[in-house]
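Welcome! Please take a moment to look over the sequence and the 3D view before reading on.

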Amino acid sequence: MHRWSRTLIPTARDAPADAELPSHIFLTRAGYIRKVGSGVYDYLPLAKRVLSKIETIVREEMDGAGASEMLVPHIVPIELYKGTKRDEDYGDLLMRFTDRHGRDAALGPTHEEIVTEMLKGSVNSYKQLPVNVYQIQTKFRDEFRPRAGLLRGREFIMKDAYSFHLAVEGEGGLNETYDAMYSAYENIFRRCGLDFSIVEAEAGPIGGSASHEFMVNCATGEDTIMVCPASGYAANVEKCETGERAYSFASAPARDLATHHTPKMPGIDGVAEHLGTTPAGMLKTIVMQPVEPEECGPKWVLAVVRGDHDVNEGKVRDAVGFAVEMGDEKSAREAGFSIGYVSPRSAISIPDCLLVVDPDATSPEGEGGTWATGSDKPDHHDTGFNWTRDLGAELPEPGTVSPDKTVLGDSVKVADIRNALAGDPSPRSPGATLEAKRGIEVGHIFKLGTKYSEAFDFSVLDKDQKKQAVIMGCYGIGVSRTMAACVEMSHDDNGIIWPAPVAPYHALICLVKPEDEASRTACDQIADDLSSRGVDVLIDDRKERPGVKFKDADLIGIPIRITIGPKTLEKGGAEVKRRREEGFGEVVESGDVSDRVFALLSSR
RNA sequence: CGGGGUGUAGCGCAGCUUGGUAGCGCGUCUCGUUCGGGACGAGAAGGUCGGAGGUUCGAAUCCUCUCACCCCGACCA
């Protein structure tokens with residue numbers, strides 16, 4: 001139980017000019033957070049209470065799922081990152097500094113390395129596996145452009161867990177823990193009162209294979225996710241598959257190939273306008289190359305998508321069977337590519353090329369059967385390009401492309417290689433189409449594999465006395481971001497509306513007239529009653545006008561407001577109102593208030 | 001890292017073009033009247049105008065350098 005006059009809740013009528021999103025505006029105005037520097041915030045008492053409640057839920061579910069809490073240093077010697085090259089991969093995101101002895105260190109952006117080191121030093125038998133350890137700690141990532149308050153700060157609070165296994169499958173295997181974490185995360189976010197989606201995701205710079213993201217559904221979210229309403233399939237845009245799409249190269253050309261001079265037109269929009277077409281009437285040909293050229297056939301991979309679509313590197317990788325990256329511009333020019341003006345014909349004229357075409361880039365929609373494309377010479381584009389007439393190579397027969405199928409031609413493949421879009425066919429439910437939604441990522445679980453254990457030479461002897469690299473998983477939750485996401489998801493024009501499980505207090509007693517003896521007596525009795533039943537109570541005992549108190553009550557968003565004043569006492573008790581309800585609440589007899597509050601809290 | 005912008009009282013802003021010794025609203029403090037949805041009146045406190053250098057009799061204002069912060073893009077938990 002706290003009294004407003006004795007704690008620190010500096011509410012403000014105006015938000016700082018740079019606050020744009022509701023979570024940033026309200027958390028600041030309601031006295032939860034205060035900016036200290038770019039992307040760095042104070043957590044004031046109200047915020048700390050919310051964070052603690054989220055952390056408690058996290059701890060209960062993590063412990064319940066067999067994980068053990070620990071804590072590693074915030075500061076990590078830079079050598080640990082060199083082992084995995086993440087000092088380079090993270091680049092400037094890694095906040096580095098040098099101590100008085102000239103030793104380089106970093107503020108941990110996440111702690112795979114240091115935890116792997118820790119386990120390596122303490123686990124050397126398969127009998128000690130599996131193990132799953134976690135911590136809740138401040139992380140630091142030196143974002144170039146922090147924004148949106150707590151949603152993308154530089155310093156943030158994160159729960160990160162790391163599991164270690166001898167095998168992927170079976171009892172004690174990675175998948176078992178991964179599944180346990182999956183359901184623990186579902187429990188955590190459900191208990192936090194969040195509306196969320198679970199989506200399939202690429203692994204990102206952290207490395208590894210399978211992963212899922214937990215996204216709070218929210219229109220202001222920074223991430224786009226694709227969902228199939230029929231099957232429940234959901235994935236982030238980078239990962240999202242599309243359903244079967246038909247393709248055919250066999251359209252009859254209605255016009256001849258013609259070359260146009262298109263100097264100094266960087267964007268595809270500008271070129272399309274100049275040629276009298278739209279980006280959807282053009283082909284975009286991206287020159288890519290294998291990451292490890294020695295281990296695969298072709299030197300170059302040309303990915304062709306429609307002009308208004310985006311090539312997806314991961315999908316190209318899956319289609320060709322080896323990892324690819326954007327082609328190095330210098331060596332691509334040396335090989336003969338007119339970067340910026342490449343057409344699919346370069347795949348035929350330049351040796352060692354593999355051509356991969358997205359179904360939507362085969363036969364154009366509408367009349368004409370031809371595309372606008374690059375001319376394979378600087379400052380020129382062609383119109384009237386027709387695959388069968390103008391490519392000069394054998395093309396695959398018409399058919400369909402589904403996520404698990406790649407159609408092979410001699411030197412031409414057709415495959416899903418672009419980012420999914422709203423309206424695309426669902427990969428899981430024939431006839432349904434994908435929808436795009438926005439979300440805020442609050443949790444992410446990865447199957448890491450052996451990337452870190454191999455880098456740190458962390459292996460154990462198995463039953464057959466064979467040395468085996470330990471298999472890892474890692475599981476993160478943005479704790480401070482979860483707090484902000486709650487506000488993004490649940491607020492109105494007047495302020496925050498906390499879900500009860502994470503609210504800083506369950507009930508706010510608004511003393512209309514704190515100097516009134518009878519009010520104070522009733523208030524103390526009700527507060528004691530509630531506290532003894534485990535309800536967190538904040539008493540607004542400030543000598544303020546009622547209007548100010550009600551405005552502040554709405555701002556800070558405590559789920560239940562109990563108003564006590566001479567008028568309510570006259571009517572026999574106190575007014576009880578939910579934050580999410582408008583107007584006046586109901587007057588409840590003083591002795592019944594705690595029962596009433598308890599009932600409201602239990603009914604959500 | 002590209003493009004744009006802003007630094008003046010705790011918060012929001014004006015003043016800068018055309019140099020003359022700093023102002024408004026909110027908040028804070030005192031007194032009085034008010035008292036269930038951000039009251040009213042009277043009074044008060046609070047600023048090396050981001051920093052350094054320069055021009056000038058005189059700089060918040062003009063010039064140079066610097067630092068910080070923000071927005072869009074790229075990137076990203």
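The report below looks at the surroundings of the RNA strand and then at salt bridges.

## A predicted model

Please keep in mind as you read that this is a predicted model.

## Around RNA strand B

Of the atoms of RNA strand B that come within 4 Å of the protein, 44% belong to sugar and phosphate. Sorted by class, this surface has 20 charged, 13 nonpolar and 5 polar residues.

Which element gives the most to the surface near RNA strand B? That is α15, with 8 residues. Helix α15 covers 546–556, and β33 (560–564) and α16 (566–570) also supply at least two residues each.

## Polar contacts with the RNA

At glycine 153, a backbone N or O atom lies 2.4 Å from a base nitrogen of RNA strand B. For arginine 481, a polar side-chain atom lies 2.7 Å from a sugar or linking oxygen of RNA strand B.

## Salt bridges in the protein

Now to the protein itself, where the count of salt bridges comes to 35. One of them joins the side chains of arginine 59 and glutamate 55, at 3.8 Å from N to O. Where do these two sit relative to each other in helix α2? They are about one helical turn apart, because 4 residues separate them in this helix, which spans residues 45–64. Glutamate 55 counts as buried, with 8% relative accessibility, while arginine 59 is partly exposed at 27%.

Another salt bridge pairs aspartate 540 with arginine 542, at 3.0 Å from N to O. Are these two residues buried or exposed? Aspartate 540 and arginine 542 are both buried.

## A linked network

The side chains of aspartate 416 and arginine 245 also form a salt bridge, with an N to O distance of 2.8 Å. Aspartate 416 lies in the loop between β24 (412–414) and β25 (435–449), and arginine 245 lies in strand β14 (residues 245–247), so their pairing ties together parts that are 171 residues apart in sequence. Both aspartate 416 and arginine 245 are buried.

This pair belongs to a network of salt bridges that links Arg245, Asp358, Asp360, Asp416, Arg418 and Asp424.

Note on methods. Residues numbered from 1 in each chain as written. Chains lettered and ligands numbered in written order. Predicted model: local features only at pLDDT ≥ 70, side-chain atom pairs only at ≥ 80, totals over all residues. Heavy atoms only, no water. Near = heavy atom within 4 Å. Polar contact = N/O pair within 3.5 Å; in protein donor to acceptor, adjacent residues only side chain to side chain. Nonpolar A, V, L, I, M, F, W, Y, C, P; charged D, E, K, R; others polar. Salt bridge = Lys/Arg side-chain N within 4 Å of Asp/Glu carboxyl O. Buried < 20%, exposed > 50% of the residue type's maximum accessible area, 1.4 Å probe, protein only.
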